[in-house]
Amino acid sequence: MTRTLELHPDRLLPADPSTRAIARELYQSIASLPIISPHGHTDPRWFAANEAFGNATDLLLAPDHYVFRMLYSQGVGLQDLGIGKSDADPREAWRLFAERYHLFRGTPSRIWLDWVFAEAFDIDVILDARTSDLYFDTITAKLATDAFRPRALFERFNIEVIATTEGPLDRLEHHQAIRDSGWSGRVITAYRPDPVVDPQFEGFHDNLAKLSELTDEDCHSWTGYLAAHRKRRAFFAKMGATSTDHGHPTAQTADLSADEAQALFARVTRKDCSPADAELFRAQMLTEMAAMSVEDGLVMQLHPGAYRNHNRALFEGFGRDKGADIPSRTEYVSALKPLLDRFGNRSDFTLIVFTLDESVYSRELAPLAGHYPCLRLGPAWWFHDSPEGMRRFRKATTETAGFYNTVGFNDDTRAFLSIPARHDLARRMDCGFLAELVAEHRMNDWEAAELAQDLAYNLAKKAYKL
Amino acid sequence: MTRTLELHPDRLLPADPSTRAIARELYQSIASLPIISPHGHTDPRWFAANEAFGNATDLLLAPDHYVFRMLYSQGVGLQDLGIGKSDADPREAWRLFAERYHLFRGTPSRIWLDWVFAEAFDIDVILDARTSDLYFDTITAKLATDAFRPRALFERFNIEVIATTEGPLDRLEHHQAIRDSGWSGRVITAYRPDPVVDPQFEGFHDNLAKLSELTDEDCHSWTGYLAAHRKRRAFFAKMGATSTDHGHPTAQTADLSADEAQALFARVTRKDCSPADAELFRAQMLTEMAAMSVEDGLVMQLHPGAYRNHNRALFEGFGRDKGADIPSRTEYVSALKPLLDRFGNRSDFTLIVFTLDESVYSRELAPLAGHYPCLRLGPAWWFHDSPEGMRRFRKATTETAGFYNTVGFNDDTRAFLSIPARHDLARRMDCGFLAELVAEHRMNDWEAAELAQDLAYNLAKKAYKL
Amino acid sequence: MTRTLELHPDRLLPADPSTRAIARELYQSIASLPIISPHGHTDPRWFAANEAFGNATDLLLAPDHYVFRMLYSQGVGLQDLGIGKSDADPREAWRLFAERYHLFRGTPSRIWLDWVFAEAFDIDVILDARTSDLYFDTITAKLATDAFRPRALFERFNIEVIATTEGPLDRLEHHQAIRDSGWSGRVITAYRPDPVVDPQFEGFHDNLAKLSELTDEDCHSWTGYLAAHRKRRAFFAKMGATSTDHGHPTAQTADLSADEAQALFARVTRKDCSPADAELFRAQMLTEMAAMSVEDGLVMQLHPGAYRNHNRALFEGFGRDKGADIPSRTEYVSALKPLLDRFGNRSDFTLIVFTLDESVYSRELAPLAGHYPCLRLGPAWWFHDSPEGMRRFRKATTETAGFYNTVGFNDDTRAFLSIPARHDLARRMDCGFLAELVAEHRMNDWEAAELAQDLAYNLAKKAYKL
């Protein structure tokens, strides 16, 4: 028997009838607002070249680490999914996924994917072993049509602005090409300097050499290195960037004297940099980046706490970003203090902080953001970009930091087709949360209506200066 | 358009109709019980002098760090709110607050303040830019009337007993004056020795000198220092105190030999005390205070885990208690062991433990309190004194520690007018929690009714020996 | 007035009527499935000898540390409950419990006990001071009947298979006797080598000597010691074991070279083993045990994070397992890496991980289990084996690890009579959780129905190879 795929109009709203009625009304008032996507990982080449996406597996399965990590956890080899140097048949790879679609029950991936299947591709049966070929063929055929080219989807998805993420060594040709094309879609970049900031990043020394070449600065001297950052930041800002992003192992910051910083830089640019020096340099660079943000106005984002490439054999065989990044305990109160001591009291500087460690929501981040003028809380991130993750975020942060020290939703994804589903999920969850406050007479209905707009649209636009 | 301010009779009760009906009945049965306020920070001078409070800003805004920290986080300067050496116009300060009242949506401050406005001052419109002057004038005028003097409010609020908090150097003149006045209100003190116990407290060395003078003991000798504590504790007990309170950075305790303690005391009373010695001395003093509690019967409270004065510039400009105390990770299992090894198995000693780190509720505190006879759990504290904070506290602790190892509600506030609102909020949340247990057939209705009384009144009275 | 004891048919199901209706239907579809109890601490002697249990106190009170720890926390002496070298009258001990039964309100013990009283013993009044004797007499009398002998209860409880836990030095005579008896009940063992693996275990050195004797291997040589483990594991497997269990203070693993391991073993078998060496040896042995599991197919369980025997005086007076084991902060991401680097990518090896530190559910364990093929998550454990504990477990793990990286329910108990109550509670909570997903249109009803079967029966059977 084939099972029907249907998206219920009340999905994700609270079950209690009176609360649901409030949530539904709130949701309907904001459901069609344009999408602001201030932080994500789509490929600017898509929008520059506007070529058709490939087949179902290439687009939806092989690049989505949420999806293949779950399949991998249940014994499916990555090479069988077409990942790495693999000549797996995409139809057969898709079948491995289809047969195991039940593994995703209760996960946000399931919700996002069902939206993509039902809304983007108009499929009305559930994915399983029996419908695997139907899915593969339907999706692959539609992807070949003009309506499924990147720009058409961008417009259909009602995206007002989307930010991609590039490193300092990126020449931003695709962003330039988008601008040159005359297309009206607003695709901007963001400055992510990890490859030239983290001494433990693969190729760090080569990256410094390339940065020197690109900027005509001597990036093996401290002052030249800082000047190079300034130049690249200015270039990124010219290409639309309004923010920087920093993906560090910890939230540690430092505020060394100029002499100490220079000496540290000399040590980390040698081949035998110690782990402690690497950590201290990353820490110091967060404060340097904050100092530059005070100058150039770029909003600063900090995404700490992932133990990258935890699975040694997988990293050696397949490289980065294969679903083996694992959160770990992350401290903010002492870690951020050096940076906050310098810039924390400024209202003209914005630092948006994220976490993978939910125990800090109520203990550290909400109290910090509810005090320091520069601080804002990023939304529930990565593994917490989910219904329960969002509920926990709002319940743990709102009472101390309020709503207005948060910045709306980030989709943070390279899965382009899921972007509307992710924003829709976030909007539904926020409306549900607001509805509960109204139903328990902890908030007036008109306040919830204002907040629904703010959380879905205004806060992101304002925090990211979009 | 002016918005109506109304307190819904079912506010804060669960939304599900059958659960709400149970909660409402429970709440009605305990709503009018007298207030037991065993831990707080009201000023005994108010009740001694019984003078009128000043204007709206002086009473409700400038002293409430919950309120001004949120305004500060959104760029309002403290001096503009009349804080510190400021000649800000109170009416204009109030306007800064009124214009930003939406920042408090979803926070407990909003709930407490709306109660104060509606119930204490009988105002029926929402605070915002348009109603700012109306508020300022109404509140300020009422505060000048006899009905709003401290003792009148105390009686109107149906307070059975309230504890203030004083340091060992306080001569308790106000408490004496209250007793001498013949007024029937029960205002007692509590012994908070941090200024003479924490070597890192501002003025620690001067404080020891003052303590010597006050007690006629040599507080630069270990035995004299301990004797001075005993004398002050006895004096505080005479002035009604039934408890001590200890606000340490960590929960660390120690149990040194007399010789080791003496040597440590010699080190910390020198000017160059190391941080490690300061921590060890605080740790040792908790055990010494416990030993004295075994002798004199004072209930001991431990409030650890705040990183005090986190914002350097603000501390330098405005001093302590300006909303910049930030919780940090706090460990109890190893930290409390030395003290528990000595006194943990006594039923004639009570140690009430609080936390700002909710991750310890289920992992550490509930298992400890569900075993050691001396231990009780303080209620959800500070940033967690909120609807969701209380829900998390009950959900995380009850299954392991039960209800009877908790001690009812503490308002812990200097915001006198909000005290009934805070107790009312706690009562509503507890009744809601009990109602959920009844609705899910996890508890009988008559048990919930007994517990509602216990949580609102009996447990605090018993735990604090009131 | 005597209060009625009734078990409501909808107990523990969500209060919202539509959600409850879904939950009720799910529950009814799985309520009568046989019990799979893959991890517990019942005494195999019971099933071998099939003798009558003693009186109410001996069976239900004195051995249940959940129960007596709560009584102890409120000042009841253990000796008065018949624990330790005590000649307390069991009827009077029972009365101490009965008089304080209100302490258990809101705890899972209360739910389990009420089930035992109502369902197992057919009692229809609440336990309290007035009904204490009625309870004691009724229970004690019934226990003397054939219907209450261990095998009769096993059959009445519809237990398909139960695992006990034994150490390597156990000769498993009772298991042999059960097999020899011809009784059809399936009682199997599990291999718990802590007494010969943990250098800090009481009697470690003697245990090695005994292990040498038992296995005819030289357990003071590294190779002989490993060979002894292999022999005992093989014997346990022959006696039905499908799993091993490891109760370590931390989750630390190590992967030393053979030479390093041998040198470490030489150090820990001396009398003056350092705590660091003890920790490293336990860590190394987890990896050795994993290596043996790869060979012999035994499923590996890791239960870390308890600070054992925290109460010094109680340990000295009464010994282990007296309710004084306290959870503590537990790290997994770095700790498990050495083991996972060797065996993490194998699908033919299963490591089931438990925790007492709920902050790791979403931060560490779900991300790890949602990636590594060998990893599965054990259910909410010990203090978290409770309605709210289970809810938190599902809410925090499902979105990242899904349901299929979990392993169903473990009762983990020595309280034999409570086993059906514990499984029933887990089934109800899981059905409630699934019903919420269905009610919020996050899952289809037919998927929830499949999952209800999987969570109640199939997953445990599969994960533990039963």
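Tutor: We will go through the chain interface and then the domains. This is a predicted model in which local features need pLDDT of at least 70 and side-chain atom pairs count only at pLDDT 80 or more, while totals for chains, interfaces and linings use all residues. Residues are numbered from 1 along each chain as its sequence is written, chains are lettered from A and ligands numbered from 1 in the order in which they are written, and side-chain values use heavy atoms, with hydrogens and water left out.

Student: OK, how many residues of chain A are in contact with chain C?

Tutor: On the chain A side there are 50 residues, and they are in contact with 43 residues of chain C, where contact means heavy atoms within 4.5 Å.

Student: And what area is buried between chain A and chain C?

Tutor: It is about 4000 Å², with carbon and sulfur atoms giving 49%; buried area is the accessible area (1.4 Å probe) that two parts lose on being put together, summed over both. In chain A, the residues that lose the most area to chain C are A:Arg105, A:His310 and A:Arg329, which together make up 19% of what that side buries.

Student: What does the side chain of A:Arg105 meet in a salt bridge?

Tutor: Its partner is the side chain of C:Glu450, at 3.0 Å from N to O, and the count between chain A and chain C is seven salt bridges. The term stands for a side-chain nitrogen of Lys or Arg within 4 Å of a carboxyl oxygen of Asp or Glu.

Student: How can chain A be laid on chain C?

Tutor: A turn of 120 degrees with a shift of 0.0 Å along the axis does it, giving an RMSD of 0.0 Å, when the copies are superposed by least squares on the C-alpha atoms of residues with pLDDT of at least 70 in both. The two copies are therefore related as by a three-fold rotation axis.

Student: New topic: which domains does chain A have?

Tutor: The assignment, which is an automatic or database one, gives domain 1 (17-51 + 149-463) and domain 2 (54-147). Their centres, taken over C-alpha atoms, are separated by 28 Å, and the two domains bury about 2100 Å² between them, 66% of it on carbon and sulfur atoms.

Student: Which side chains form a salt bridge there?

Tutor: The count between domain 1 and domain 2 of chain A is one salt bridge, and the side chains of A:Arg149 and A:Asp146 meet in a salt bridge at 3.0 Å, N to O.
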